Every structure is written in C-alpha cells, then in structure tokens.
Amino acid sequence: MKAAEIVQLKEQALDEARRSGTAADVEAVRIKYLSRKGVLPGIMDGLKALSAEERPEAGRRANELRQELTKALDDAKNALQAAERASGQKRFDPTLPGQWRGLGRRHPITQVVEEAIRIFSMLGFTVADGPDIETEYHNFDALNTPADHPSRDTQDTFWLGPGLLLRTQTSPVQIRVMESRKPPVRIIAPGRCYRRDTTDATHSANFHQIEGLYVDRAVSLADLKGDITFFARQMMGADVKVRFRPHFFPFTEPSVEYDFSCHVCRGRGCRVCKQSGWIEISGAGMVNPKVFKTVGYDPETTMGYAFGMGVERIAMIRFGIEDIRHLYDNDVRFLEQFG
Amino acid sequence: MKLPLSWLRDYVEFDLTPRELADRLTFSGTEVEGIETIGGEFKEIVVGEVLAVDKHPNADRLTVCRVNAGSAELTVVCGAPNVRVGVKAPLAGVGTVLPDGTVIKKAKVRGVESFGMLCAEDELGLSKDHSGLMLLPDHARPGQPLSELLPPPETVLELEVTPNRPDCLSVIGMAREIAALMGKPLRIPEIVLPESGEPVERLTGVTIEDNEGCPRYTARILSGVTVGPSPAWMQHRLSCAGVRPINNIVDITNYVMLECGQPLHAFDYELLEGRRIVVRRPRQGESLQTLDGQPRAIDPDMLVIADAGRPVAVAGVMGGAGSEIREATRTVLLESAYFKPQDIRRTSKRLGLSTESSYRFERGIDVGGVEWASRRAAAFMAAHAAATVAPGVVDAWPTRAPTRRVSMRYGRARDLLGIDLDDAGMSRILRSLGFDLTVRDTDCDATVPTFRVDIDQEADLIEEVARVHGLDKVPAPAPAARLVADADDRPTRALLACRAALTGLGLTEIINYSFLSERLLSFVGYGSPEARLVLPNPISTDFAVMRDSLIPQMIETLGRNRSRQAREAGLFELGRVFGMQPDGRPIEDDRLCVGLMGSVGRTGLGKAQAVEPEDVFQWMKGGLEALCRAMQVPTSRKGGLSRPGIAFEEMSAPCFEPGRAVRVFMAGEPIGVLGLVSERVRGEWRVADPMGVMELRMEPLLRHALDVPAAKPVAPYPGVERDVAMVVDDATTHDAVLACMWQVAPPELVDVRLFDIYRGKGLGEGRKSLAYSLTYRSMERTLTDEAANAMHDRIKAALRQDLHADIRES
C-alpha cells in the first residue's frame, strides 16, 4: 500500500474511532486495525513489496496511523467513560458499610503490660517469669518477711497447703531470678497475684503486678527515681510528675512509695485523685542486704533496686476506668474500646 | 493514729500550717491520711436557756420550747429526749451556718413555726453524739457566745504509721520526728513525783514466771485515790485523740499511753488476792472475764497477769473485770510493762480482740521507757486523783538486752542514695533522731535508742538519713540503658508475636480469674476432677477451684455476652491453668483458648446468613491454620502445599457436640482440642446458634515462633491450572484426596485448591462431588499444555484407582 492510500485509510480509521458509541465499538475498531491479524500488520507486511523510494514514506505514514489511531481510541474510551460517570449509571454508594474482617483488641491489662515491657526494654530490661503457685519461702521468708507478719494470715493469703500458696506479689520472681543467676540482673516480671481481698471498685482477689529488679555493683536510689520517672513519662505522658515518699517494706531498705500526678486534673485535684492531685502507684526501694544474703549475693559488693507496680491501677488511670471489675467482666462492648 | 496538734506543741515548736506539717510528715515516712478540725469558732451560736417545754400539737416526739437567747425569747421546735425546763444548750438562731454547711432558716415544723435549733454535739461537729442536746454548765449565761465556753478548735492529723515504727504511735514519738525534721529541740516533760508513806516493796511484789514473754514489769502503788472525772483539758485531748474519757484513773493511763506509747494498766489493789502480781502462763482450765464483759477462754500459751490466785488480765491485751477500777477504788496498782510482741500478736488474734494496748505491744514498745511512763502516770494521779504515791517502784527487769550498736559508712550511704550530703549532715540527722554517735574518719557507730526497734543494720541508718534529708533532694537522673550480656527476651517476643497474630485474626482478648466455681467446672464437664486444685480457703464458692482449663470460663464469657445481646464474639485468652499431681506437687501450664459465637467468620451483609456448625468448625480450623503459619509451626508434607503440620483426631467430651470435637496434634504430639460446644452447655446461656472453642498448649505453639525462615526462590515461569471434578464416596475425606494426589504428584504440582463440594440428586446415595483446581509450575521452564496434561492425567488415574473416583471429563 502506498503512502497516500495509508493516509486515506488513517482518516477512515480515525473517523470510525471517533464515531464509536460504546466501549464495544471502540474495541471492534482496535481489533479491526491494530490486532495481530488486523489491517495495520497487513500494511507493515506489504511494505516489503514497495520500492526503496516509496518504502520510507509509507512506513512513516503507517506509524502515524498506529500512533494517531491508538490515541484516538484512548480518547474515545476516556470520553465514553467520562460520559458514563457523568450519567451516574455505574456510581457506587460510598455510604454503604465497609467490609473487611476487623482486627481484634488486646485487653487493657495486657496493653499496660506490653507497654511496660516496651519501655523497660529500652533500658535493657528483659522479662522474667515465675509460677503463680509459690512456696512460702519465695513469697515471704526469702523476702525478709517476719514469720508472724500479718500478710501471711489466712485472712489475706490463699494457702494451698503447708508452705504452698498463691503468690501475693510478683516479688518472689526476684528471688527466683537471683537464685539462678549472678549479677548483673535487670528484669521485669509481669504476672498474676492473689490476695483474699473482698472484691469492690478498687480491689480484686486476682490482680496483676509488674515487678522490677536491677542489681549490679553500684545502683542507687537516684537510679530508681530516674528510671521510674522515665517509665511514668513514657506510660502517662511527658508532663506527668512523680513523687516518692518513704515507706516500709521488709525486702527493701530504704523503701519508698511512689505516686504519679493525676492525669485527669493535671494535679489540680479531682474526684479520681480524691482531690490530692496524686495517684498512688506502688512501692519500691533498695534491695535489703538481708535479701542479698539469702540468695547468696555478697551484700558488700552488690547494690540493687526493686519496684512493684499495680497493673490494674495503671490501666484504670490510663484509660479512665472507674471500677476494677470492668477489667474482669469481659464484656465485648467494653473491650472493643481499646486498640 | 490521731495526733491533736495543740498537744504536739507541748513537746516541740514548729511554725507550719497543718497542711505544711502534714506534707513534711508524709514525705518523711508517716503518711497523713487526713486533717480534721474538731470544734469551731461557733461565732453565731449562743447559750440558750429553755424556759418552757410544751407538747407539739401534731407530733408525739417533738416539743415546742420557749428559749431565752439572752437578747430575745424564741420559739424553737425540738426533738431531743433530754430537753426540759432549765437546761442550757447551744442555740443556733435563724441564719446560722452549722459546721456541716447547713443554714438554719425559719421553718414550719409540722405546722409550728421554729426560729432556730437547739443543738446536739454531732450537729456542732464536736463528736458523733446525737443522743440528745449538748448540755452546757450552769454558769453559762443565756446569750453568751458558745466559743467562750468551749476549748478553741483543735486540728487533728490522722496518721498511718508503718508497722516498723511503733515509736511513732505516740505524741512524743511524733514530736521527736518533727524535731528532727525541723531542727528543733524536743522537750520531754520533767516529772516531779511526790512520794510518801510505806515503800512500795512492802506493799506488793512482782514475780515473772515467763521472762521471755515478759522481759520487764514495773508496779507502783497509789493509795487514797478519789475516783472521779479527769480534768477537762485531759478529757478534751483524749476525745480529740479518739479515746472516750471514763474516769481520772483510767483516763490518766490512756493519756500517758497516747503521750509516750507505753500502755498502762491500773488494778484495784484491794481486789488483788495476796496483793501481788504474777506474770505467768495460764493453768489448765483457767478463764477470765475481760473488761468488756466477755468471758474469755485462755490458752496455755497466752500470757496472763495473775494475782496470788487467779488471772486478772490478759497480758498486754485487756484487763479483767474482777480487778477493774471502780468508783469505790481507793488503792491502785499501776502496771507498766514490756511484753514480747509475737506473744501479744498471737493472743490478740486468737481472742479476736485488738486494743490500743495490744496494737502497741505487738509492734514493740520502748523497753527503756517503761518506768518513765509509770512515773508520769503516778504524778498525774497525785495531781488529779488525790493519790499518795508509795515511794519507789517494783521494777522486775532481770535480763536487759545489750545495747544495739550499728555502724554506717558515710561513703556507702552516699553511693546507695545517690546524694551528695556530707558526713556532718548525716551525723546531724542521726543525732536528731536520738542516736548516740561515735564518729570516725569514714564511718560512725550509732547507739540505737531502745524505742527504735526497727534499726539493726547499716541500711536502716541510711534510710533514716534519706527520709529526714528528703527524698525530693535525691536526684532523678535520665536513665542509663545497661545491657545484660546473656539476657534472653525470646519467650516474651514469641508471646507478643502470638498475641499480635490473634488480634490480627480479628479475635479480642479477654482475661478471666484464675479461679472459678466448682459448679461451672462440673457443669461444663471438661478436665479431670481428681487433679483439680481446690482452694482450702476461698473467698467465695464462685472462686473456689483453680482452673484446669480455660474452656469453661470462655464458654461462660461468650454466654454472658450473648445474654447482653451480643450477636457475635470472637475471643481469646492467654492464661495459666493449674492442677495437682498425684504426689501433691502443683502443675502450671500456659494455654491459649479461642471462642467463637455468631457470624464472626463472615463480613458485611453475609453476616445475615445462618451459621451452620460446619461454618464454625471451619472458621476455628482456619484460624488455627493461620495462627500456625504465623507461629511457623513446621509443615508436615512435601514443600509445595505448605500446610501446617497439624492433625486432628476425633474425640468426645461432655462439653462438646458428639462427633464435632477433635484433638489437635502437632508433629504427632497432642497439643489441645477444638470443638463445638454442646447444646446442653450453651443452652445455659440460651445460645441457640453454634459456639466453638479451642484450647491449645502455648509451649508447642510458640516453639518455632522466632525461627528465621530460609528464603525459597519463586518460580519465574507461569503456572498452568487444571481442574478435576470427581464423584467419590461420602466417606472419602479431603485429606484422603490430597494424600492420593501427593503420592503421584510431580515436583511441578505446587497448589491444590478445593473449590466445590456437591451432594444431591443424580449422584446417588452416599456419594459426593468434589472439584479441585491444581496448579503446575516448573522452576526450570514454561510448562507446555501437553506436559501439564500428562501430569494431570497421572493424578486422575491415581484418583480413579485408589479412591474409585468417577472423574468427570469436561
């Protein structure tokens, strides 16, 4: 086919493309001219039969045909789609409910525990575990708790048999870890604890604590303050304040209790913090040398701090939960509020 | 403990508001739980004298009174039983604001106008007494401001004293703390004791039979006493401290106890047989009626105070009714003693009787202060009960404990606290608390005063330094991350990965108690009752048994949510279960439990479709497979299929539907169960649609969670899909089909997908049609149709031969 004929054919093809009224028409034009067995491949094949003078011009025209027709077909298709969109025939209702298998939620207690693990991991702490069913030795004796201490009463402790009980605190994990390795020790131990408390808005017979223990050659009360303060800011926000009050625990000396400033009123005083501006979190202190002696560490060359924290307490503050019982009720409407 | 501040000022000066003082105490280790004001200015309240009392016309219990308010006469409606002509009582006129905020208004009470209120003590915030009008003394003048008749308002701190600091259970003890905190001197009262008459040794004797239980016992004799009310200032201080005034003798013993922490007891000397004291263990069959009127059985290992014949007091806990101070008492034997704390604690617990006295003894009182307290009380009795004090004191103190000395290294204190306080500063703190110091170059020896029962090592002294210096002065440096070389966080990471996978599957986490009711356990009927761990002292029958499976509470949780109208729930719990081995050793095992209810496996409009048991079973299984993949549970078959290596074996248990429960195996090891909850069980919560639960042991599930997979190359060539539809016996399982295919499968078979199951007419009874789509793909080349067909034909042939499958050729 000579160049002039090709130009003529191009005009015809472009005209057909422009006159296509439907997507099927457009496709038919494409197949007619551009498909493997269509018109254009035939022209390309026919170029070989032309003379050397005619061939370049015809080839150029054939290429023009392909380019212009391809563009015309695209334009026609776009125009059709635009018209279709404008006519609204294929419009979807974006207000219909979305459909996807949803994600599940972690329990608020778990979220606090996982967050604590994250925070203390940054400082080089790893997680240690211990049994819920403990020996009296690990839960009391080794923690320097006097034999007649009231916390040992059957009124407060779930005894399972002579010398066997449900742990009343996560502190026995301290003992187990120190019995099994040499310093340095840097662990946290989240876990369940049990006390014979009558259940009310702030007490639960089954609750969670996170124990922390850091033992090395030189550890100070200042380190404890710094680390707890860091934890508080990570957990509760950068503007939280922490205060430390002297207290008494048999297994630490000196012992402290620590409070976080109330996140609800920012320390001004409200119902949550009982107008004090502070919320008591838990106890801590420098490991009592008597505990070091019990586990076979040399109290002269060893120092350490230990802390405990009530997980439910932190969860209640963090999420504004007013009754601890909500945490064990497992109502899906409640649980699905937490990410 | 209640600490009235005006009393405190007798011993130490301080220039702080009650709030400031409370903070100082709280931050030195004695938590102030409350600040209370007793009494008030009572500016508008005056003395009212009742002139006339008439019955109220419309109410039996009310009276209509004419009251002289000094400047005027008022009509007041009154409900007090003790109102009568002539009494004087506080009168709150119209407009007065009472301490609780009530404003007195002119009001009609049952039709009679009342122009004020005659007050009881509770209405003025003076006490809790609401038994009748607060009667004022005769010398009160009508119209006189009440404030002129009452002591000024008193501020009282409510203290929580930690169990290691019994020395703080007294006003002087707290004064010592404040003196140390404020750097002020402590003023211990001087005692001037007028003694006369026969020396005490001739009047009485003390025998201690049990020197371990009672290391020290002192007795004084006071004769010629007049029992009557104690002075008003003393009564007021006792009331402010929460102790009810009784009579001068008893009040003095209580006053001195509150003042210095030493419990005292006064016996009526004339009622003591043999006029002497024996401290001993009770004899067989002895009993005692205590002051509260209760007969008490006393055990042989309790300690009693006896006279020559019988017990007259339970040592350190409560006196006996048979020797108590009466109005007629003329001679008093005053006991001041030290009893072993553990004995008193045991006795108090055994008797179920805790008193101000036992509370102090069981924590440990000051053995060195026993005689001082006796002298102090004797001086008060001389002054306020006309007592003649017999010269001397019987002081039985056979074995004195050696003086305690503890040394402290100043450098160690600085290191442990992380503070920069110099040696002199630390010495000053210790001395201010009553420690005698011998200071050397780098350390000091502290002599521990007898009232500090809590100090026996260096760390105890360092704590004293810390709390008096102030914890707020301890810096809180930015944390230093310090790594422990061989620390292992893999178990934690595996657990976190597992929880992330479960929430990713759309399951929501629950946390149930570790104990549950026997009733729920037996009702669900899962687990082995003989291995259960039953709590010997549960708080209630609802929490009586340690759980041996997470399944019962999971079912209960699903059921409870359904009764709260939840249509569906997909839940999981990661928790510990417990049991007892036959030899009595406890077992603990960490488990995962999953529970499904409702249309959880579907989305959107599909949720409306009814849920069949098969659906729930397959959702459970699908979830399990997805979890196993996430936890990298090893695959058990040839590489291509990549199915987790888990297998199932039918099982039955009362909580599952028959035929719809399986035991789950991982590499041949049983790791848990999966099944549909029986109608009997779920019916308890009226759950009519299928409910599925699964429980797995965590250890095998997490074993490979952190394995690092080795990458396998992905084929660069396209695959060829071929379908096969076949009719087989209904009993032929999917697994059997797969096994048959895999026997003859070429390496190029990389995927097999079941896409249709059909049972129905035309297939014949007991037959079903299964349709599979198989993907063949080579790692070396693009498969030709011919090559793929040849492979596919061999598989079809195997299906025909081994499963007698009727292959439908399309």
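1. The model is predicted, so local features are considered only at a pLDDT of at least 70 and side-chain atom pairs only at pLDDT 80 or more, while totals for chains, interfaces and linings use all residues. Residues are numbered from 1 along each chain as its sequence is written, chains are lettered from A and ligands numbered from 1 in the order in which they are written, and side-chain values use heavy atoms, with hydrogens and water left out.

2. Cysteines. A disulfide is a covalent bond between the sulfur atoms of two cysteines; here it is taken as a pair of cysteine sulfur atoms within 2.5 Å. By this rule the count over all chains is zero. The cysteine sulfur closest to that of A:Cys265 belongs to A:Cys270 and is 3.6 Å away, which is too far for a bond. For B:Cys78 the closest cysteine sulfur is in B:Cys65, at 4.9 Å, and this is again too far for a bond. A:Cys265 is buried, with a relative accessible area of 6%, and B:Cys78 is buried as well, at 3%; buried means under 20% relative accessible area, exposed means over 50%, and partly exposed is in between, with a 1.4 Å probe and protein chains only.

3. Aromatic pairs. A pair of aromatic rings is described by the distance of the centres and the angle of the planes. Rings of Phe, Tyr and Trp (its six-membered ring) pair if their centres lie within 6.5 Å, and planes under 30 degrees apart count as stacked, over 60 as edge-to-face and the rest as tilted. The count over all chains comes to 25 aromatic pairs. One of them joins A:Phe120 and A:Phe125, which are edge-to-face, 5.2 Å centre to centre with 70° between the planes. A:Phe120 is buried at 1% relative accessible area, and A:Phe125 is buried at 3%. Another pair, A:Phe158 and B:Phe515, has centres 5.4 Å apart and planes at 50°, so this pair is tilted. This second pair crosses between chains, with A:Phe158 in the loop between helix 6 (136-139) and strand 3 (159-161) of chain A and B:Phe515 in strand 27 (residues 515-516) of chain B; helices (H or I, at least four residues) and strands (E, at least two) are DSSP runs, numbered from the N terminus.

4. Charges over rings. A charge sits over a ring if NZ of Lys or CZ of Arg is within 6 Å of the ring centre and within 35 degrees of the ring normal. The charged end of B:Arg363 is placed in this way over the ring of B:Tyr359, 3.8 Å from its centre, and B:Arg680 lies over the face of B:Phe523, 5.2 Å from the ring centre.

5. Nonpolar cores. In soluble globular proteins, nonpolar side chains tend to be buried together. A nonpolar core is a set of buried Ala, Val, Leu, Ile, Met, Phe, Trp, Tyr and Cys residues joined through side-chain atoms within 4.5 Å. The largest core holds 180 residues, of which A:Tyr258, A:Phe307, B:Leu8, B:Met408 and B:Phe656 touch the most other members. Apart from it lies another core of 39 residues, including B:Tyr269 and B:Ile305.

6. Helix 9 of chain B. This helix (residues 370-384) has 15 residues and reaches 21 Å from its first C-alpha to its last, close to the 21 Å expected at 1.5 Å a residue, where the expected span is 1.5 Å times one less than the number of residues. Because 12 of its 15 residues are buried, helix 9 is largely enclosed by the rest of the structure. Among the buried residues are B:Trp372, B:Arg376 and B:Phe380.

7. Backbone. Most residues other than glycine have a negative phi, and most peptide bonds are trans. B:Ala386, in the loop between helix 9 and strand 21 (388-389) of chain B, has a positive phi of about 55° although it is not a glycine, and it is partly exposed at 48%. A:Asn330 likewise has a positive phi of about 55°, but A:Asn330 is buried, at 0% relative accessibility. The peptide bond from A:Pro183 to A:Pro184 is cis, with omega near 0°, and the bond from A:Glu253 to A:Pro254 is cis, with omega near -5°.
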